[in-house]
Amino acid sequence: MTSDTTQADQNAEEIGQLRELIGPVRCVLFDFDGPVCRLFAGHSAEGVAQDLVEWLEGQGLQGLLTEEERVHPDPMAVLHAVNRRRPHSDLVAELEERLTRQELKAVVSAWPTAYADPLIRTWTARGARLAIATNNSARTAVSYLDDRDLTGCFARNVYGRTRDLHHLKPDPHCLNRALSAMGASPPTALMIGDTPSDLQAARQAGVPFLGYAGSSHQEKALREAGAECVLTSLKPVLRILRERP
């Protein structure tokens, strides 16, 4: 058997697995930053993280962060670190609001994930109910969807970060809110996410999971976390939906 034949067989097996996964889907829960868009494509996430760190230092609170946390490129890591040390505080609320304002600035230069827009519209046309379940601010997701004229596809079902940060994924809180609002049974839903925390939240909610990996690092992380179906492009999902009679 040639390597080309082996690859073809593997691809056919993966497409069959994907068809089986999305076949019974009636509700789709999208993570936002990744499967729907690259939120920080033109507004550096590292710069946002540094802005939060500098604000804390301006408040005389640099001691709240370790050296590693002060240079972490993910603003959510800074928020989590402060929340661990000052849970439910006004400080956390102010920091979360600053992060939300930075996310809203990023919407202007966010880059749509390839095939995400037509996939969302096609699934909606097929009668599926859609929701966003994200650790970003719901205000950010709604702003982006408005700009892309996609808000109607989600019928207000956008569930994001609140000031109760213990509800962030991998906690299934936002997934459960979405399922409850749509009256959906977990086995008939599908979560599309790009991180192990998305996978963990889906497992806890009893929702099947489809991994989307925008990089080889993300694919490795998802597979090591136990994701059985991971795509590097949403194109196969769109193609399967469009092939349906």
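This is a predicted model: local features need pLDDT of at least 70, side-chain atom pairs count only at pLDDT 80 or more; totals for chains, interfaces and linings use all residues.
The structure contains three aromatic pairs. In one of them, the ring centres of F30 and W123 are 6.4 Å apart and the ring planes stand at 85 degrees, so this pair is edge-to-face; the cut-off for that class is over 60 degrees. The two residues come from distant parts of the chain: F30 belongs to strand β1 (residues 27–30) and W123 to helix α6 (residues 116–125), 93 residues apart. F30 is buried, because its relative accessible area is 1%, and buried means under 20%. W123 is also buried, with a relative accessible area of 2%.

Another edge-to-face pair is made by F32 and Y144, with 5.6 Å from centre to centre and 70 degrees between the planes. F32 sits in the loop between β1 and β2 (37–38), whereas Y144 is in helix α7 (residues 138–147), so the pair ties together parts of the chain that are 112 residues apart in sequence. F32 has a relative accessibility of 0% and therefore counts as buried. Y144, with a relative accessible area of 2%, is buried as well.

The pockets come next. The largest pocket has a volume of about 830 Å³. Its lining consists of 31 residues, and those nearest the centre are D33, D74, D194, T195 and Q218. Several elements each supply at least two residues of this lining: the strands β2, β3 (111–112) and β4 (129–137), and the helices α4 (75–85), α5 (90–107) and α10 (196–205). Of the elements, α4 gives the most, with four residues. Sorted by class, the lining of the largest pocket comprises 13 nonpolar, ten polar and eight charged residues.

The second largest pocket has a volume of about 230 Å³. It is lined by 13 residues, and E14, R223, V230, L231 and T232 are the ones nearest its centre. Here α1 (3–22), α11 (216–225) and β8 (230–231) each contribute at least two lining residues. The largest share, four residues, comes from α1. By class, the lining of the second largest pocket divides into five nonpolar, four polar and four charged residues.

Conventions
Residues are numbered from 1 along each chain as its sequence is written. Side-chain values use heavy atoms; hydrogens and water are left out. Rings of Phe, Tyr and Trp (its six-membered ring) pair if their centres lie within 6.5 Å; planes under 30 degrees apart count as stacked, over 60 as edge-to-face and the rest as tilted. Buried means under 20% relative accessible area, exposed over 50%, partly exposed in between (1.4 Å probe, protein chains only). On a 1 Å grid over the protein atoms alone, a cavity is a set of points where a 1.4 Å probe fits but cannot get out, and a pocket is an open set with protein on both sides within 12 Å along at least five of seven lines; lining residues have an atom within 4 Å of a point. Grid points are joined across faces, edges and corners, and a volume is the space filled by probe spheres set on the points. Ala, Val, Leu, Ile, Met, Phe, Trp, Tyr, Cys and Pro count as nonpolar, Asp, Glu, Lys and Arg as charged, and the others, Gly among them, as polar.
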